[in-house]
Amino acid sequence: MDKPQEQVFWETIDVFDKQGLLPYIMIIGSWAEYIYSYYFKTEFSPNLRTRDLDFLYRNINRPQNKIEIVSELSKKGFVYKEDTLTGVGKFFKENLLEIEFLTRSIGKGTGTAKIPSLGITAESLRTINMLYDYPLELDCKDYIVTVPEPAAYVLQKLYTNHTRTEIKKEKDLRAVRELLKHIKLSPNDNTRLEIIFNNLH
């Protein structure tokens, strides 16, 4: 990751914080690995090479007030675009970041869900449901940021690996191998890995 990309990431987090959005979202995908560098007491360094910044919107019914994310991100140079077929909205900033909100898929689902507070449509995925169950709140640069527990993140990567492209499969496995080294050095995280694994059906 280069410095301009890192700077835009924190500018985005600042916007979300000022709009009161941070308590309702979880950073998932590879950018969670960046946040883990604030968590592990070991010298964990993520090998982050992606523009995709994915947020799990934890409960689409909260909050009830409107959050002006589209207009606020546009002030930071983001362009908002909606897919003509699905209506799913994403935010783009140059070649630095591509932001997408995702929601859990509950029941039969339709593949998309409207987030009333944001006024945008998000893709719904069943494969991220297990991440929702294991939130970890961290204090990073004076922001309270939520990511999945590292153990849940690793297990979800392994669970979904067969659905990924060949390039992404290998990338995910490299991330898993690196994270496992640091999980095993933490008695708490190693125990959590066993507990979460045993809770899987």
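Predicted model: local features only at pLDDT ≥ 70, side-chain atom pairs only at ≥ 80, totals over all residues.
**Entry 1: the cores**

I began with the largest nonpolar core, which has 54 residues, and looked up which members touch the most other members; they are Phe9, Phe16, Ile27, Ile35 and Phe101. I then looked for the element that gives the most to this core, and found helix H1, spanning residues 3-18, with six residues. I noted beside this that nonpolar side chains tend to be buried together in soluble globular proteins.

Taking Ile27 from that group, I listed its contacts while leaving aside neighbours within four places in sequence, and I found Phe9, Ile13, Ala32, Ile35, Leu53, Asp54, Phe55, Val145, Thr146, Val147 and Pro148.

**Entry 2: helix H5 and its cover**

I next asked how many residues of H5 are buried. The count is nine of the eleven, so the helix is largely enclosed by the rest of the structure. The buried residues of H5 are Pro150, Ala151, Ala152, Tyr153, Val154, Leu155, Gln156, Lys157 and Thr160. When I looked up what covers them, the list included helix H2 (31-36), helix H4 (129-132), strand S8 (135-140), strand S9 (143-148), helix H6 (166-184) and helix H7.

**Entry 3: H5 against H7**

I looked at the packing of H5 (residues 150-160) and H7 (residues 187-199), where the angle is about 50° and the axes are 8 Å apart.

For the residues involved, I found Pro150, Ala151, Ala152 and Leu155 on the H5 side, meeting Asp189, Arg192, Leu193, Ile196 and Phe197 on the H7 side. Sorted by class, the residues of this contact are seven nonpolar, no polar and two charged.

**Entry 4: H5 against H6**

I then turned to H5 and H6, which pack at an angle of about 150° with their axes 10 Å apart. H5 is therefore roughly antiparallel to H6, as angles over 145 degrees count as such. H5 passes H6 in a left-handed crossing.

The H5 residues making this contact are Pro150, Ala151, Tyr153, Val154, Lys157 and Leu158, and those of H6 are Asp172, Leu173, Val176, Leu179, Leu180 and Ile183. By class, I recorded ten nonpolar, no polar and two charged residues for the contact of H5 with H6. I kept in mind while reading these lists that an α-helix has 3.6 residues a turn, so residues three or four places apart point the same way.

**Entry 5: Val15**

I found Val15 in helix H1, and at 7% relative accessibility this valine counts as buried. Not counting residues up to four places away in sequence, Val15 touches Ile69, Glu72, Leu73 and Lys76. For the pair of Val15 and Ile69, I noted 54 residues of separation in sequence and 8.0 Å in space, C-alpha to C-alpha.

**Entry 6: Glu98**

Is Glu98 buried or exposed? I located the residue in strand S5, and its relative accessibility of 16% makes it count as buried, because the cut-off for that class is under 20%. Leaving aside neighbours within four places in sequence, I found Glu98 in contact with Arg51, Asp52, Leu53, Lys90, Phe91 and Phe92. I also looked up Glu98 and Gln19, which are 79 residues apart along the chain, and their C-alpha atoms are separated by 19 Å.

**Entry 7: Ser105**

The place of Ser105 is in the loop between strand S5 (97-104) and strand S6 (112-115), and at 8% relative accessibility this serine counts as buried. Which residues does Ser105 touch, not counting those up to four places away in sequence? I found Ser124, Leu125, Arg126 and Asn129.

**Entry 8: Thr121**

Last, I looked up Thr121, which lies in strand S7 (residues 120-125) and counts as buried at 15% relative accessibility. Thr121 touches Thr86, Gly87, Val88, Gly89, Thr112, Ala113 and Lys114, again not counting residues up to four places away in sequence. Between Thr121 and Val88 I noted a C-alpha to C-alpha distance of 4.8 Å, with 33 residues of separation in sequence.

Definitions and conventions:
Residues numbered from 1 in each chain as written. Heavy atoms only, no water. Core = buried A, V, L, I, M, F, W, Y, C linked by side-chain atoms within 4.5 Å. Buried < 20%, exposed > 50% of the residue type's maximum accessible area, 1.4 Å probe, protein only. Helix = DSSP H or I, 4+ residues; strand = E, 2+ residues; numbered from the N terminus. Contact = heavy atoms within 4.5 Å. Axes fitted to C-alpha atoms, helices over the stretch in contact; angles between N-to-C directions. Nonpolar A, V, L, I, M, F, W, Y, C, P; charged D, E, K, R; others polar. Parallel < 35°, antiparallel > 145°, perpendicular 65-115°, else oblique. Left-handed = near helix turned anticlockwise from the far one by under 90°.
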